[in-house]
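Visitor: Please walk me through this model, one feature at a time. Give me the general idea, then the case at hand.

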Amino acid sequence: MRQTLRERVSQFARFCAVGVVAAGIHYGVYFLMQFFLHGAVGLNVSYTVGYGVSLVCNFFMTTWFTFRSHVSAGKVAGFGFSHAVNYSIHIVLFNLLMAVGVHRLLAPVIVLMVAVPTNFLILRLVYRRK
């Protein structure tokens, strides 16, 4: 069934709402952990743990709320693939921004601005597959 423009806009709005919550979880975990883990490795571990925690929450919110779907092995695999690509974008951009001197608390915000639209396009393919 082909979606109307209104349905696609509504879906994207739900995706953005879920993204804000997931980004808040990711950033909150990163923010707290980076005070305890120092240096480049500590920041990467903090960033990765935050991403992992938000990933689990994000999967269920995306499945049930954004795409109004059900959990399945195919969706877990597709979501996992999407987020493997997304995480790669995140960690590369995060480290590039850190290398050029962007503050450790601002870098994750910039990364999200770049990675979120890419992730939406990939996930839309995953959840539209029959």
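**Helix pairs**

Guide: Helix 2 and helix 4 have axes that come within 14 Å and cross at roughly 35°. Axes are lines fitted to C-alpha atoms, for helices over the stretch in contact, and angles run from 0 to 180 degrees between N-to-C directions. Helices are DSSP runs (H or I, at least four residues) and strands are E runs of at least two, numbered from the N terminus. The model is predicted: local features need pLDDT of at least 70, side-chain atom pairs count only at pLDDT 80 or more, and totals for chains, interfaces and linings use all residues. Residues are numbered from 1 along each chain as its sequence is written, and side-chain values use heavy atoms, with hydrogens and water left out.

Visitor: In which hand does helix 2 pass helix 4?

Guide: Helix 2 passes helix 4 in a right-handed crossing. From helix 2, Tyr47, Phe59, Thr62 and Thr63 make the contact; from helix 4, Pro108, Val111, Leu123 and Tyr127. Contact here means heavy atoms within 4.5 Å.

Visitor: How many nonpolar, polar and charged residues are in the contact of helix 2 with helix 4?

Guide: Sort by residue type: Ala, Val, Leu, Ile, Met, Phe, Trp, Tyr, Cys and Pro are nonpolar, Asp, Glu, Lys and Arg are charged, and the others, Gly among them, are polar. The contact of helix 2 with helix 4 has six nonpolar residues, two polar and no charged ones.

Visitor: At what angle do helix 2 and helix 3 pack?

Guide: The angle is about 150°, with the axes of helix 2 and helix 3 11 Å apart. Helix 2 and helix 3 are therefore roughly antiparallel. The classes are: under 35 degrees roughly parallel, over 145 roughly antiparallel, 65 to 115 roughly perpendicular, the rest oblique. Helix 2 passes helix 3 in a right-handed crossing. On the helix 2 side, the residues that meet helix 3 include Leu43, Asn44, Tyr47, Leu55 and Phe59. Their partners in helix 3 include Phe79, His83, Tyr87, Ile91 and Phe94. The contact of helix 2 with helix 3 divides into 11 nonpolar, eight polar and one charged residue.

Visitor: How far apart are the axes of helix 1 and helix 2?

Guide: Helix 1 (residues 5-33) packs against helix 2 with axes 8 Å apart, at an angle of about 155°. That makes helix 1 roughly antiparallel to helix 2. Helix 1 passes helix 2 in a right-handed crossing. The contact of helix 1 with helix 2 comprises 18 nonpolar, eight polar and one charged residue.

**Cores**

Visitor: Which residues form the largest nonpolar core?

Guide: A nonpolar core is a set of buried Ala, Val, Leu, Ile, Met, Phe, Trp, Tyr and Cys residues joined through side-chain atoms within 4.5 Å. Buried means under 20% relative accessible area, exposed over 50%, partly exposed in between (1.4 Å probe, protein chains only). The largest core here has nine residues: Tyr30, Leu43, Tyr47, Ile91, Phe94, Leu97, Val102, Ala107 and Val111. Helix 2 (39-66), helix 3 (73-99) and helix 4 (107-128) each supply at least two residues of this core. Helix 3 gives the largest share, three residues. A second, separate core has eight residues, among them Phe15, Phe59, Leu123 and Val126.

Visitor: Which residues does Phe94 touch?

Guide: Set aside residues up to four places away in sequence. Phe94 then touches Tyr30, Leu43, Asn44, Tyr47, Ala107, Pro108 and Val111.

**Single residues**

Visitor: Is Phe79 buried or exposed?

Guide: Phe79 lies in helix 3 and counts as buried, at 3% relative accessibility. Beyond its neighbours within four places in sequence, Phe79 is in contact with Leu55, Asn58, Phe59, Thr62, Leu123, Val126 and Tyr127. Phe79 and Asn58 are 21 residues apart in sequence and 9.6 Å apart in space, C-alpha to C-alpha.

Visitor: What is phi of Arg68?

Guide: Most residues other than glycine have a negative phi. Phi of Arg68 is near 45°, a positive value in a residue other than glycine. Arg68 sits in the loop between helix 2 and helix 3. Arg68 counts as exposed, at 57% relative accessibility.

Visitor: Where does Gly52 lie?

Guide: Gly52 lies in helix 2. Gly52 is partly exposed, with a relative accessible area of 29%. Gly52 and Tyr87 are 35 residues apart in sequence, yet 9.4 Å apart in space, C-alpha to C-alpha.

Note on methods. A crossing is left-handed if the near helix is turned anticlockwise from the far one by less than a right angle, and right-handed if clockwise.
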